[in-house]
Amino acid sequence: MDNRRRFEVISEFLIEWTIKICGISAIVFVFLIFLFVFREGKDFLLNSLDLKEFLFSPEWYPDSVSHKRYGVLALIAGTFSVTLLAMAIAVPFGLGAAIFVSEFSNSKVKETLKIVIELLAAIPSVVWGFIGLSIMNELIIEMFDAPIGLTVLNGGIILALMSVPIIVSIGEDALKAVPDSYREAAVALGATRWQMVYKVLLPAAKNGLLAAVLLGVARAVGETMAVLMATGHSLQIPHSVLDSVRTLTATIAAELGEAPVGSDHYQVLFIIGILLFTITFIVNLTADLIVKGIRGK
Amino acid sequence: MSNKMQFSIETKDLNLWYADFQALKNVTVNIKDGLITSLIGPSGCGKTTLLRCFNRVNERYGYVTTTGEIKILDKNIYDEDVSLPELRKAVGMVFQRPNPLPISVYENVVFGLRIHSKNRELSKAKSDEIVEKALTEVRLWDDLKDKLKTKATTLQLEQQQKLCIARLLPLKPQVILMDEPCSALDSEATLAVEELMRSLAGSYTIVIVTHNMAQARRVSDECIFMLLGEIMEHDRTQTIFLTPQNPKTADYIEGRYG
C-alpha cells in the first residue's frame with residue numbers, strides 16, 4: 001500500500017513537470033531561435049554594418065568583386081508591395097467570408113465551408129508556388145499582355161489565397177464570441193440581418209477582426225517559397241503591380257546556400273532574418289495586445 | 001375601458017413545433033389593448049414561446065414551424081407580405097437578461113430610429129429631444145443625463161433593463177413584450193421596473209411572462225395561465241387568483257406544483 005502511494009506521488013510529480021516543460025518549451029524555442037539568428041549575424045551587425053545604407057539603399061550586390069553593397073531597400077519594397085496587395089485582396093474576402101460563415105449560412109453550409117477553408121490552409125506553400133509559376137504566370141501574360149507573369153500581382157494573389165484561411169478562421173472566432181443577446185436585441189428592434197452585422201457585430205468584434213487581419217499580414221510577410229516562385233525574384237523597387245520583385249524572405253532562401261559560412265554576405269542574410277523576425281514580432285505582438293484589449297473591457 | 005374594448009393581439013388556433021416537439025397547442029387568445037397581461041405557468045408550458053411568436057423572433061432558429069394566425073393591428077403577422085422589421089418596430093421586446101448594445105446610452109436609445117429611418121435625416125436636435133423624452137419616460141434621465149456617452153453595458157443592471165425599455169419607446173410600439181424582465185434584478189430594482197410598467201400601461205399594451213406569482217398579481221390586469229402548451233384559463237387577475245375556474249389553475253396558484 002505504501003509503495004503504491006509513493007508511486008502515485010512520483011508519477012504525479014513527473015507528469016506535472018513534463019507538462020510544465022512542454023508549456024515552457026515554446027518560449028525557450030523562440031528565444032533560442034532569436035539568439036541563434038542574432039549570433040550568426042552579430043559580428044557584422046555590430047562592427048561593420050552601415051545601418052543607414054542597409055535600410056535605405058536599394059543596391060544589393062553581395063557578390064560584387066570590387067565593391068560589395070548590402071542595401072535591402074528594394075527587398076523591403078518587394079516584401080511590402082506583395083504583402084500590401086495580398087492584404088488588399090485578402091482582407092475584404094477574408095472578412096466577408098468570416099461574416100458569411102458566422103452569420104448568414106446554415107449549419108450545413110457552415111461546416112462544409114469551414115472544412116474546405118481549413119483545407120486551403122493545409123496546401124503546402126510550394127504547391128501554391130507551382131500555381132503561381134505555371135497557371136497564374138500564363139494567365140497574367142495573356143490578360144495584361146505582359147512580358148512576364150511572375151510579378152507583384154502574381155505573388156500578391158497567391159499570398160492572398162494563403163492568408164484568407166487565417167483571416168476567416170480567426171475572424172469567425174471573433175464574431176462567434178459576440179454574445180447572442182446582442183444579435184437578439186438588434187433583431188427584436190427590427191434590424192435586418194445586414195444592419196445587425198454592420199451596426200452591432202462589426203463594432204463589437206472589431207478588435208478580434210483587426211487581430212485576424214494582422215495575423216494574416218504576419219503570414220504574408222513571412223511566406224517564402226510561394227513568393228520566391230511567383231514574384232520573379234528580380235531585384236528592383238516596383239513601379240506597378242506588373243513588375244517583378246524580390247522579397248526579404250526569398251533572398252535568404254535563395255542565397256544562403258551559396259554564401260560561405262561566416263562571410264559578410266552570410267552574416268547580412270542573418271541580419272535580414274533579424275529584420276524579418278522583428279517585423280513579424282511587432283505585427284504579432286500588436287495583434288495580441290489588440291485581442292487582450294477585447295477581454296480587458 | 002368599457003366603452004371601447006379592443007384587442008391588440010388576437011391568436012387563432014396557433015400551433016408551434018420545435019422540430020417535432022409541439023410547444024403550443026391550438027392557442028386561441030385575445031389580449032386587450034392598453035392592459036398589462038401576464039402569462040403564467042410552470043417551466044416549459046410554452047409561455048415564453050407564445051410571447052416570442054408575437055414578434056416572430058422564434059424564427060431565428062431554423063427548426064420552428066408555426067400554423068394558425070396571430071392578428072396584431074388587424075393584420076395576420078404570418079401573412080406572406082408582412083415585413084419583419086415593421087412588425088418588430090410595432091411590437092417591442094424586453095429580454096430576461098438586460099441586453100443593451102455595447103454602444104453608448106445615447107446610441108442605444110436612438111438605435112431603433114436609426115435603423116428604421118431610411119435617409120439619415122435624424123437631426124442632432126431631434127434625436128437629443130427623443131433621447132431625453134424616452135429616458136424621462138423610464139425615469140432614467142436624472143441618473144443618466146450626464147452619462148449619455150457611457151457604454152451602456154457598464155451601467156447597473158436595473159438601469160440597463162430600464163434602458164432596454166427606453167430604447168423601444170422612440171419607435172412608438174403598439175405592444176411591448178417582456179420576457180421575465182425582472183428575473184436578473186434584485187427586489188428593489190424589480191419594484192422600480194414594475195412601477196415603470198404600471199406607468200406605461202395605457203399607452204402601450206404590455207404582455208409579460210413571469211415565474212413570479214406575486215409579480216403577476218401586483219402588476220397585471222389580466223392573467224393567462226398556460227400548461228403544456230395550452231391555455232388553461234384567461235381572466236382578470238383578481239378572478240384568476242381568488243376564484244379560478246379550472247382546478248389546475250388553482251393548484252398552480254396555490255403552489256401544489258410548478
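Q: How far apart are the centres of domain 1 and domain 2 of chain A?
A: In this predicted model, the centres of domain 1 of chain A and domain 2 of chain A are separated by 31 Å, taken over C-alpha atoms.

Q: Which residues belong to each of those domains?
A: The domain assignment of chain A puts residues 2-47 in domain 1 and residues 73-296 in domain 2.

Q: And how many residues are in contact between domain 1 and domain 2 of chain A?
A: On the domain 1 side there are 8 residues, and they are in contact with 8 residues of domain 2 of chain A. By class, the domain 1 side of that contact has 5 nonpolar, 1 polar and 2 charged residues.

Q: OK, zooming out. How many helices and strands are in chain A?
A: Chain A has 12 helices and 2 strands. Going from the N terminus, the order of elements is α-α-β-β-α-α-α-α-α-α-α-α-α-α.

Q: What box do the C-alpha atoms of chain A fill?
A: A box of roughly 75 × 70 × 35 Å, taken along the principal axes.

Q: How much of chain A counts as buried?
A: Of its 297 residues, 39% count as buried.

Q: What about contacts in chain A between residues at least 6 apart in sequence: what share join residues at least 24 apart?
A: That share is 73% for chain A.

Q: Back to the helices. At what angle do the axes of α3 and α6 of chain A cross?
A: The axes of α3 (residues 73-104) and α6 (residues 152-176) of chain A cross at roughly 35° and come within 6 Å.

Q: Is the crossing of α3(A) and α6(A) left-handed or right-handed?
A: The crossing of α3(A) and α6(A) is right-handed. As for the residues of this contact, 21 are nonpolar, 8 are polar and 3 are charged.

Q: New topic: how many residues of chain A are in contact with chain B?
A: From chain A, 17 residues are in contact with 18 residues of chain B.

Q: Which elements of chain A each supply at least two residues of that side?
A: They are α7 (180-188) and α8 (193-204) of chain A. Of the elements, α7(A) gives the most to the side touching chain B, with 7 residues.

Q: How do the residues on the chain A side divide by class?
A: The side of chain A that touches chain B has 10 nonpolar, 5 polar and 2 charged residues.

Q: Now chain B. In what order do the strands of the 6-strand sheet come?
A: The order is β6-β7-β8-β3-β9-β10 in chain B, and this open sheet has mixed pairing. Its edge strands are β6 (91-94) and β10 (230-236) of chain B, each pairing on one side only. On average, neighbouring strands of the sheet are turned by 20° against each other, direction ignored.

Q: Do β6(B) and β7(B) pair in the parallel or the antiparallel sense?
A: Parallel: β6(B) and β7 (residues 175-179) of chain B pair that way over 4 bridges. One of the bridge partners is Leu177(B) in β7(B), which goes with Met93(B).

Q: And the order in the 4-strand sheet of chain B?
A: That open sheet runs β2-β1-β4-β5 in chain B, with antiparallel pairing. The edge strands are β2 (21-32) and β5 (75-76) of chain B.

Q: Over how many bridges do β4 and β5 of chain B pair?
A: Strand β4 (residues 64-72) of chain B and β5(B) pair over 2 bridges, in the antiparallel sense. Lys75(B) in β5(B) is the bridge partner of Ile72(B).

Key:
Residues are numbered from 1 along each chain as its sequence is written. Chains are lettered from A and ligands numbered from 1 in the order in which they are written. This is a predicted model: local features need pLDDT of at least 70, side-chain atom pairs count only at pLDDT 80 or more; totals for chains, interfaces and linings use all residues. Two residues are in contact if their C-beta atoms, placed from the backbone, lie within 7 Å. Ala, Val, Leu, Ile, Met, Phe, Trp, Tyr, Cys and Pro count as nonpolar, Asp, Glu, Lys and Arg as charged, and the others, Gly among them, as polar. Two strands pair if DSSP finds at least two bridges between them. Domain bounds come from an automatic or database domain assignment. Axes are lines fitted to C-alpha atoms, for helices over the stretch in contact, and angles run from 0 to 180 degrees between N-to-C directions. A residue is buried if 20 or more other C-beta atoms lie within 10 Å of its own, exposed if 12 or fewer, and partly exposed in between; C-beta atoms are placed from the backbone. A crossing is left-handed if the near helix is turned anticlockwise from the far one by less than a right angle, and right-handed if clockwise.
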